[in-house]
Amino acid sequence: MTEITRRSLLSSSAVLPLALGLGGCASAQRHSAIKATSIVTGGKILTMDPANPFAEAMAIQGDRILAVGSNDDINALASSTTKRFDARGMTVLPGFIDAHSHPLFAQEVVGVNVGLPSIEDVKKALARKAANTPPGNWILGVMYDDTRFAEGRALTLVDIDEVVRDHPVLVHHRGGHTAVVNSKGFEVAGITIKTPDPSGGMFYRENGKFTGKVAEHAVTPFFKAGVWPVIDRAVRRQAVTLSSKKMAAAGLTSTTDAEAGIDNLIAYQDARAADEMYFRLAYMPIGTSDAYRALKLGGVRSGFGDDMLRVGAVKFLADGSASERTMRMSTPYEGRPHDYGILTMTQEEIDAAVEDAVAHDFRIGIHANGDVAIDMVMNSYEKVLRGRTGSDLRLRIEHCSLINDRLLARIKKAGVIPTPFYTYVYYHGKKWAEYGEEKMRSMFAHRSFIDAGIPVAPASDYIAGPFEPLMAIQSMVTRRDSDGHVWGAEQRISVSEALQICTMNGAYASFEEGSKGSLTAGKLADYVVLEQDPHEVDQDAIKDIKVVRTVLGGRPTYEAG
Ligand SMILES: [Zn+2]
């Protein structure tokens, strides 16, 4: 073995020599006894490790990276049984990480997918489902997106009534904060035009009639009435497998369930036990759930678990949605001078949630999109951090969409991690007109966070946004939507910065930077092979780069056909 190999092995990690029982002065002969389970050679390896940013080859032993170096270095670690992957000049990166997602989309299995090109198509799909559903039972539409229909308008109660009258129908927006309900649905839920809006919610009305749109806390009553499709344990397990396979095909190796109860926790364990979970997952219990209460009572704290399934921060929601235009801002929406959005928690409730979480050694992530909600969350965070100088709580603000310089300074000072949407500019373009060009200069502010030295985390919020990391990188780099309009050009970041967000910053957001986020000896062998280097293609074609292979802990979870 060459000196280079020895040096690269010895300098590559503080963990590795211990893990393999090697001392600092191990002989070359002992090194040669270490053999790789698999090797990747002939690649352009972008390690995302500043100490060793580029390499040609990588050796893996079990689920960990053994060494990263030149082709010669790594070939010397192969034995006759070592599996070899020739990267043929392709680009190898650490597996992508998503710090905020909702991957267990079990509704997909029992509902009607209305992510269709036109309202006419949606009507046909709902009518078909109604023909196969007992009258009176709910029909659930999923993947609804009000801005992507050929008709150029949103779905209404009247549209649904035209095709389904005997079944209650709820068409859920993919953002999760609003829905469209038909007349039968209002009837089953016992809601009439005289029913007042609940606090933190709205039944939208026009000319004394319901439009069908309902938002935030006004969605809940419908789920409490009538007969809903059954989502059981088997359906949920199936949903984990489906989602994790799709995500692996996009290059993801780690994700987060950013709002989950006990059922989801069981589903992840079931899928994993069957060896059918194709990502690592951070589980964020929802703060109002039995799951969170039970975890606290049982003495479980954030970080509990292992490399595949780990308890993350507890999640609360303080305001509405960015994509569904209900987030709480200090200035109104464009064209709706009295609409500032909706708050879903009071300052006292946020204070109490933060105090309680920190007292139970739980990390916390609070959903706050608008500047008003972000300000309130920061008030609570600053309060709990007083007297705790030096502690590394990594409190999170989920989404943290609309910021300003004052908020930025407070976020930096408190060591708070924001998780702004990373595929939204590209995917949800049409919606940004309701915020206007001016606000969009300060929304999903990746450039501002990086410039302020804030470790901004990667976040798709799937199913609200697409989960594909390559679309995310393109979206953050170009700030161009799918129609070609540029929103907030000053928030553009470089390809390298976007890659850093999708890898190292993702690991940092879950306190796992010691075990993933870069291709460094001793870390988990999670990597993705891309046909092209995102630095070298047209920036508007980054999302089209082919994912050739995704590997999780040394085992392929996806291989392109
Ligand atoms: Zn979310």
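This is a predicted model: local features need pLDDT of at least 70, side-chain atom pairs count only at pLDDT 80 or more; totals for chains, interfaces and linings use all residues.
View B. Four strands make up an open sheet with the order 18-19-20-21, and their pairing is parallel. Its edges are formed by strand 18 (314-317) and strand 21 (417-419), each of which pairs on one side only. From one strand to the next, the twist averages 25 degrees.

**View C. Helix 14 packed on the sheet.** Helix 14, which covers residues 371-385, packs on the sheet and touches both strand 19 and strand 20 (396-399), while the direction of the helix makes about 155 degrees with that of strand 19.

**View D. The contact of domain 2 with domain 3.** The protein chain is divided into domain 1 (3-89), domain 2 (107-223) and domain 3 (233-556). Taken over C-alpha atoms, the centres of domain 2 and domain 3 are separated by 28 Å, and the contact takes 15 residues from domain 2 and 15 residues from domain 3. On the side of domain 2 that touches domain 3, the elements that give two or more residues are helix 5 (107-110) and strand 14 (209-216), and helix 5 gives the most, with three residues. Sorted by class, this side of domain 2 has four nonpolar, eight polar and three charged residues.

Note on methods: Residues are numbered from 1 along each chain as its sequence is written. Domain bounds come from an automatic or database domain assignment. Two residues are in contact if their C-beta atoms, placed from the backbone, lie within 7 Å. Ala, Val, Leu, Ile, Met, Phe, Trp, Tyr, Cys and Pro count as nonpolar, Asp, Glu, Lys and Arg as charged, and the others, Gly among them, as polar. Two strands pair if DSSP finds at least two bridges between them. Axes are lines fitted to C-alpha atoms, for helices over the stretch in contact, and angles run from 0 to 180 degrees between N-to-C directions.
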